[in-house]
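Please read them with the sequence and the model in view.

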Amino acid sequence: MSSRFLQTLAGEALSPPPIWLMRQAGRYLPEYRELRAQAKGFLDLCYTPELAVEVTLQPIRRYGFDAAILFSDILVVPDALGCDVRFVEGEGPKLETIRDSAGLSRLSKAGLHEHLAPVYETLRRLRRELPDDTALIGFAGAPWTVASYMVEGGGSKEFQEARTLARRDPVCFSALIDLVAEATIDYLKAQVEAGAQALQLFDSWAGVLPPSEFHRWCVRPLKMIVTSVKETHPDIPIIAFPRGAGVKYRHFIESVPVDGVSLDTSFSVDWAADQLPKVCLQGNLDPIALLSGGDEMLNDTRHLLNKLAGRPHIFNLGHGVLPPTNPDTVKRLVDFVRSYRPSSD
Ligand code: 1CP
């Protein structure tokens, strides 16, 4: 196994740790903005292998990250199920809303693989083009997060409609969650067959679920997905990101057989290192630290590296790189992590 990222997910504690960043491809990079301006739209970028490969490779060329993440979006799954998805300039995603059984009946996974074939082609090309020591990460959104976008018709602060539907009509909501979960299983298995060497599941809105609902809508569907993918692909490492779940991360790790968890910015790494079961930890520098940059960013980074030294750790942010981030600051961060040697602070 030549990739430091995969070695770490397999349980080795490497110093310095491997590094990649969520949303490492995207709007903070001038070369992304240039290519994006030429594409017809954001989804066009995701469904054109030539362009998606190029965008995935941009941050690898600049920074030599230990892993490349497929350039796509979590909302290609609803799109493939027949729920119309559009990305409106400056407004984010807009989806056809699904709020009842009539809406649900319009969706089907019959055309899933045909619709997502360009994504599989992107992965095949990437595996050929990436250096052997750069791991290729495939991904999908978790059912709770994806279904929430479908019920809301887009992004939201509180996901009020989705949470209300889950309580008012749990049978309908549960059918939507199951459909997304089943589609996600098929999608992730196909990603592995096309060359993904690890998978990440993004449950970006797990944090809005109260403890009484967390198990049902976050833990249960993710357990189903991870178990099923590992049944056919036992060696594929899987990282989950139940963002905002706080102390419920522990229950999550005890219940879902993941190889790693991505920590959001709410965690003190001291707490995580003491309290969380021994899975690989990924994270969790605050993306805002890269906006202010400077020595404070490096001090936070040193603290994090010191606290997690000695256990399997993949350096990352607590959420995605923000569009106003200066690409030179990312370079400074990567150089710092790569030259890190344990010390006291
Ligand atoms: O205008 C543009 O160019 C589009 C901006 C953009 C990009 C670069 C979107 C729209 N998606 C992406 C790529 C993307 N999305 C990746 C691959 C790139 C990488 O990580 O390097 C990944 C893994 C995602 C995942 C994603 N999409 C999540 C989960 C992760 C997270 O950040 O919490 C979510 C919630 C989405 C939905 C989405 N897609 C795009 C936007 C702006 C949003 C958020 C919408 C909202 O809730 O307001």
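Predicted model: local features only at pLDDT ≥ 70, side-chain atom pairs only at ≥ 80, totals over all residues.

Q: What makes β8 and β9 a strand pair?
A: β8 and β9 are joined by five bridges in the parallel sense. Two strands pair if DSSP finds at least two bridges between them, so β8 and β9 meet the criterion with their five bridges. In β9, H313 is the bridge partner of L281. Strands here are DSSP runs of E with at least two residues, helices are runs of H or I with at least four, and both are numbered from the N terminus.

Q: Why are β1 and β9 called edge strands?
A: The open sheet has seven strands in the order β1-β4-β5-β6-β7-β8-β9, with parallel pairing. β1 (67–69) and β9 are its edge strands, as each pairs on one side only. Neighbouring strands of this sheet are turned by 25 degrees against each other on average, direction ignored; axes are lines fitted to C-alpha atoms, for helices over the stretch in contact, and angles run from 0 to 180 degrees between N-to-C directions.

Q: How do you know that β4 pairs with β1 and with β5?
A: β1 and β4 share three bridges in the parallel sense, and A67 stands opposite A135 in β4. β4 and strand β5 (residues 198–203) share five parallel bridges, with A198 in β5 as the bridge partner of I137.

Q: What makes β9 largely enclosed?
A: Five of the five residues of β9 are buried, so this strand is largely enclosed by the rest of the structure. Buried means under 20% relative accessible area, exposed over 50% and partly exposed in between (1.4 Å probe, protein chains only). H313, F315 and L317 point one way from β9, I314 and N316 point the other way, and all are buried.

Q: What makes β4 mostly covered?
A: Seven of the seven residues of β4 (residues 135–141) are buried. A135, I137, F139 and G141 are on one side, with L136, G138 and A140 on the other, and both faces are covered.

Q: Why is the pair of Y120 and Y187 called tilted?
A: The structure holds 13 aromatic pairs. The ring centres of Y120 and Y187 are 6.2 Å apart and their planes stand at 45 degrees, so the pair is tilted. Rings of Phe, Tyr and Trp (its six-membered ring) pair if their centres lie within 6.5 Å; planes under 30 degrees apart count as stacked, over 60 as edge-to-face and the rest as tilted. Y120 in helix α7 (residues 112–129) and Y187 in helix α10 (residues 170–193) are 67 residues apart, and the pair links distant parts of the chain.

Q: Why is the pair of Y149 and F159 called edge-to-face?
A: The ring centres of Y149 and F159 lie 5.7 Å apart and the planes are at 70 degrees, so the pair is edge-to-face. Y149 is in helix α8 (residues 143–152) and F159 is in the loop between α8 and α9 (160–168), so the pair ties together parts that are ten residues apart in sequence.

Q: How do you know that Y149 and F159 are buried?
A: Y149 has a relative accessible area of 13% and is therefore buried. F159 is buried too, at 0%. Ten of the ten residues of α8 are buried, so this helix is largely enclosed by the rest of the structure.

Q: What makes the charged end of R243 sit over the ring of W205?
A: The charged end of R243 is 4.9 Å from the centre of the ring of W205. A charge sits over a ring if NZ of Lys or CZ of Arg is within 6 Å of the ring centre and within 35 degrees of the ring normal. The charged end of K248 likewise sits over the ring of F214, 5.2 Å from its centre.

Q: Why is S3 called buried?
A: S3 has a relative accessible area of 3%, so this residue is buried. S3 lies in the segment before α1 (4–9). Leaving aside neighbours within four places in sequence, S3 is in contact (heavy atoms within 4.5 Å) with D133 and A135.

Conventions: Residues numbered from 1 in each chain as written. Heavy atoms only, no water.
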